[in-house]
Every structure is written in C-alpha cells, then in structure tokens.
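Colleague: I would like to know what stands behind the labels in this model. Can we take them in turn?

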Amino acid sequence: MKAKEQMYVTLLTAVILLPCWSVAEESPAAQEARNFLEQALGITVTTIVEKPSVTYDVIGLPYRLLTADATYDVWVSENASAIYGYARRGMFVNENLEGKTTADAISEDRAFATIVPVLNYLDLSTAKSDYHIDFQDMGGGAGNSLEGCFWSVSREMALNEKPCRTRTFIGVVAAASETVYIVRYSPSIPPENQLNVVITYQAARQAAQDWLAEEPYFTVASPILLDDDGEGEQVIAPQQNFFAIDEEEQTSPTATYYSWEIPFEWTEWGDAQFNGVVWVDIETGEVVGAGSNE
C-alpha cells in the first residue's frame, strides 16, 4: 500500500474510533449523570464538566457536582452508583407565560406523571398516594399570573417502618410546562444504634428539656415542651443540631439513630412562635440533634 493511501486509512480509523475513545475516557460519575439526564429527563447533552472535590452539603452523603452543557447540574454519589440531585439553571426562563394564569397550569396528575421517570430511575415508589403534591407560587407575577408557579412532589423516606427525618425526595415541576427544574434525593441511612428501647419517653422528655435549657440558640427564645399523648414517637433522626450557631462544613457522612422525638415550641422576634423537635437516642438518653418542625 502506498504511503498516501496508508495515511488516509490511518486517519479514517482514528475518526471512526474517536467517539469510542471519548466515551471510554468519561468518568463513571459523568456516565451516571449522562444516563440520568437521558433516561429520566429525556435530555441529551454534549459536554459534562466534573468538579474534582467531594462534598456532603445538604445530602449528608459524599457526592460530586457535575455540570452538563453549562445548563444542568447533577449530583452524583462518590461511587457513581446513585443520583442525589439535579437542577436546571435559569428556572422559568424562556417560558411562554404571556396572558397565562394559574388556570392554565398543568394538572396535578400531569405534574406527577412528569416525575415518574425520575422515580423509576431512582428505584422509588411510583404510587401517587405515597407523595405530597402541592401547587406553589414563588410570587413572580401579579394576581393569579402563572409566573413563578410550580408543582412540588415530595416524600419523607422511611426505614424499618420508622420515618427518617431529613431524608426526603423532592421534585419540582414548572406549572407552565412539563419541565423538571429540581430533584433532591436524600436516601435513608441505617441507624448506628439498635431498636432496643432503654430510655422511657418521659426520661427522653427530661433530657430534651435539659438540653434546651443549655442550648445557646434558645438563650432568649423561651423554649417549652409541648403536651402530647405521653406515648411519644420513635423516628430515625440525624446526628445534627440545626440550631447550632457556628456550624462547621460537613466532611463526613451523616450518622443516624433510633430516637424519641420530643416536640417543643419557642418564641423569638417579639411574639413569633415556632415549632421544633429534639431527638433523643432511645438507648443512651443522649440528645442526638434537633431541628425546626415548620
């Protein structure tokens, strides 16, 4: 074969193989992001940029942030086996809203049907009855304008028939179209302790009262325990104090514990009242964490 012909063959081979090389060089996280975009959202992208650092923000599990075509942000677990988040940049941009009111919004059923492929991809229930579906307005327009309106599809996770506090699925669908704008998925995390109740609910209430009396956030907030049926509720709670004043950046997975959940209320900003909960380890009686119940 002549040298010139050989050169053409070499170039042609390189062109044919180039797409295969590109796919092979893509990281597992990028492949997972691409699969999610295509299979769950019907979005085909060209370029995916991956941040090198690992974060635990919001989800409490390690993941990487990837951005596709400078438009779609995807949160992929560190081992590239799961999707924890998605967001489309520029919510409500380029939507045809002229003259449209809330009466023109897509139906609740259509909004849920839009989320079903995402649920299938995440291997979550696709039964509509398992989710809270709410129509919300960000207040972008005047009167009953459709601007800034969306459907929220949400669900709290559960494990061993116990609700997992802060572990949720949330999907946001534009009310003017069948466009998914946001997905957040915080899967259940197995508890560090066992479901062996040692501390009574009343003892847990006392532990919560003592903790509230010493927590700096409530120094002038007057927290009081709320009356209940005396039996209490057992939950799987995160080891997180959402009232911490100097909260540090999370650098390790969130630990969870079987806990008694103690409801309370507090007052601040004059006479504004808020509801919260304290989580107490059912085995040790130690406070695991606390958070708002709003």
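Predicted model: local features only at pLDDT ≥ 70, side-chain atom pairs only at ≥ 80, totals over all residues.

Modeller: Residues are numbered from 1 along each chain as its sequence is written, and side-chain values use heavy atoms, with hydrogens and water left out.

Colleague: Why is Ala70 called exposed?

Modeller: Exposed means over 50% relative accessible area, buried under 20%, partly exposed in between (1.4 Å probe, protein chains only). Ala70 has 60% relative accessibility, so it counts as exposed. Its phi is near 55°, a positive value in a residue other than glycine.

Colleague: What makes Thr166 partly exposed?

Modeller: Its relative accessible area is 31%, so Thr166 is partly exposed.

Colleague: Why is the pair of Tyr217 and Phe218 called edge-to-face?

Modeller: Rings of Phe, Tyr and Trp (its six-membered ring) pair if their centres lie within 6.5 Å; planes under 30 degrees apart count as stacked, over 60 as edge-to-face and the rest as tilted. Here the centres are 5.2 Å apart and the planes at 75°, so the pair is edge-to-face. Phe218 is buried, at 3% relative accessible area. Tyr217 is partly exposed, at 30%.

Colleague: What makes Tyr63 and Trp75 a stacked pair?

Modeller: Their centres are 4.8 Å apart, with 20° between the planes. Both residues are buried.

Colleague: How do you know that Arg184 lies over the face of Trp75?

Modeller: A charge sits over a ring if NZ of Lys or CZ of Arg is within 6 Å of the ring centre and within 35 degrees of the ring normal. Arg184 lies over the face of Trp75, at 3.9 Å from the ring centre.
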